Amino acid sequence: MHWEPPRAPGVSALCSPLLLFQCLLLLRAPASLLGDQTRRLFEFDSTNSSEVKEQSPGKPYPPYLLADFSWDDITLDLTTLSATFQGHPSKDPLGTFTNGSLAFKVSAFSGSGRQAHLPGLLHTADTTQLELVLDGAAPRGNHSLFGLEVATPVLDSECPQLKEQESIDDEYCPSIFQLEQLLWHSSPGSFLQWRPIAFSQKQLNWKTALSCSVSPPGPTLTTLLPQSPIVRAFFGPSVNFCTFNLTFGNSSNFAYEDHRYLSWSALLGIGIPPVDSFSPMILGIMVVVLGAPGLLLVGGGLSLLLYRHRRYSEYEPIN
């Protein structure tokens with residue numbers, strides 16, 4: 001039986017979490033996750049990074065086309081509204097994915113909260129979490145870096161705006177003072193946000209953290225993209241696309257072959273992105289720092305009054 005999704009042009013660039021989860025159940029493939037199309041998995045040889053072009057992570061190997069992946073291993077959890085799609089290339093002549101896989105985990109939320117683990121992203125009921133995990137795949141070089149190309153449909157000719165948000169509050173993600181955001185301005189607006197870090201082991205801590213860089217989104221030809229039924233259903237046959245690249249790690253601090261593991265997570269949502277308020281720790285520091293001068297001033301004033309009172313009290317009356 002062939003299923004054709006309902007036609008719904010004019011919908012925001014991202015589905016609601018519940019609708020998204022229903023779409024995933026029907027689609028059974030991550031080729032159109034959240035209205036975005038993850039197109040290619042890049043691998044770069046960063047051994048001689050000084051010999052490649054500036055701002056390039058290394059010499060590229062032939063990319064893995066995710067449209068050619070088999071996504072038969074699917075895990076659904078209706079209790080937590082999460083789905084994990086685990087895949088590998090349908091044709092793998094080099095055997096790089098014999099003992100490995102690429103997985104996308106999508107989780108919806110019923111309310112506001114925060115990730116219990118790093119990178120500690122703040123979420124609401126209008127957001128959906130996407131996690132990418134590359135586990136066990138054999139690298140094709142001695143110092144490989146990986147990247148992901150993502151194509152996103154836009155309702156007008158403008159690509160989403162890449163914006164960097166900085167904050168002094170890093171209690172939930174220590175030493176990372178940045179939050180990367182892609183903002184779609186088509187009504188009602190939508191966003192993709194993430195911390196600029198990924199992890200090289202399953203233990204998510206600062207010893208396993210590595211940098212994550214992103215390229216500015218740019219327009220791309222529709223003819224160069226695989227035609228997804230669900231994307232065509234929501235946005236029509238003449239939808240425009242923009243692409244951007246994510247690169248995980250750099251040539252100086254990361255060697256994928258050490259642990260053969262890579263994970264990265266982000267939040268997608270509708271409306272205004274959630275904004276962190278100052279944490280109790282930062283508020284306490286601010287009270288101490290800003291209140292100390294006032295206490296010193298008050299204390300100094302009291303000391304002066306006491307000193308003057310004591311000085312005058314040493315004189316005995318003449319009469």
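Predicted model: local features only at pLDDT ≥ 70, side-chain atom pairs only at ≥ 80, totals over all residues.
**Stop 1: F69 and W71.** Select these two and show their rings. The ring centres sit 5.5 Å apart and the planes meet at 25°, so the pair is stacked, since anything under 30 degrees gets that label.

Now widen the selection to Y64, F69, W71, F97 and F104. Ring pairs join these residues into a cluster.

**Stop 2: F146 and Y256.** Here the ring centres are 4.8 Å apart with planes at 65°, so this pair is edge-to-face. Colour by sequence position and you'll see what the contact spans. F146 belongs to strand β10 (residues 144-154), while Y256 is in the loop between β17 (240-248) and β18, so the pair ties together parts that are 110 residues apart in sequence. Are these two buried or exposed? F146 is buried, with a relative accessible area of 3%, and Y256 is buried at 0%.

**Stop 3: strand β13.** Select residues 190-194. Five of the five residues in this strand are buried, so the rest of the structure largely encloses it. Turn the view to check the side chains: S190, L192 and W194 point one way, F191 and Q193 the other, and all are buried.

Next, bring up the neighbours of β13. Strand β12 (residues 178-184) pairs with β13 in the antiparallel sense, over five bridges. To find one end of that pairing, pick W184, whose bridge partner in β13 is S190. The hairpin of β12 and β13 has five residues between the strands, and G189 there takes a positive phi near 90°.

β13 also pairs with β18, again antiparallel, this time over four bridges. Stay on S190 and look across: its bridge partner in β18 is I270.

**Stop 4: S263.** Which strand holds this serine? Follow β18 (residues 261-270) and you'll find S263 in that strand. S263 is buried, with a relative accessible area of 3%. To see what surrounds it, leave aside residues up to four places away in sequence and show its contacts: S263 touches E131, L132, V133, A198, F199 and L204.

Key:
Residues numbered from 1 in each chain as written. Heavy atoms only, no water. Helix = DSSP H or I, 4+ residues; strand = E, 2+ residues; numbered from the N terminus. Buried < 20%, exposed > 50% of the residue type's maximum accessible area, 1.4 Å probe, protein only. Contact = heavy atoms within 4.5 Å. Phe/Tyr/Trp six-rings, centres within 6.5 Å; stacked < 30°, edge-to-face > 60°. Pairing = 2+ DSSP bridges.
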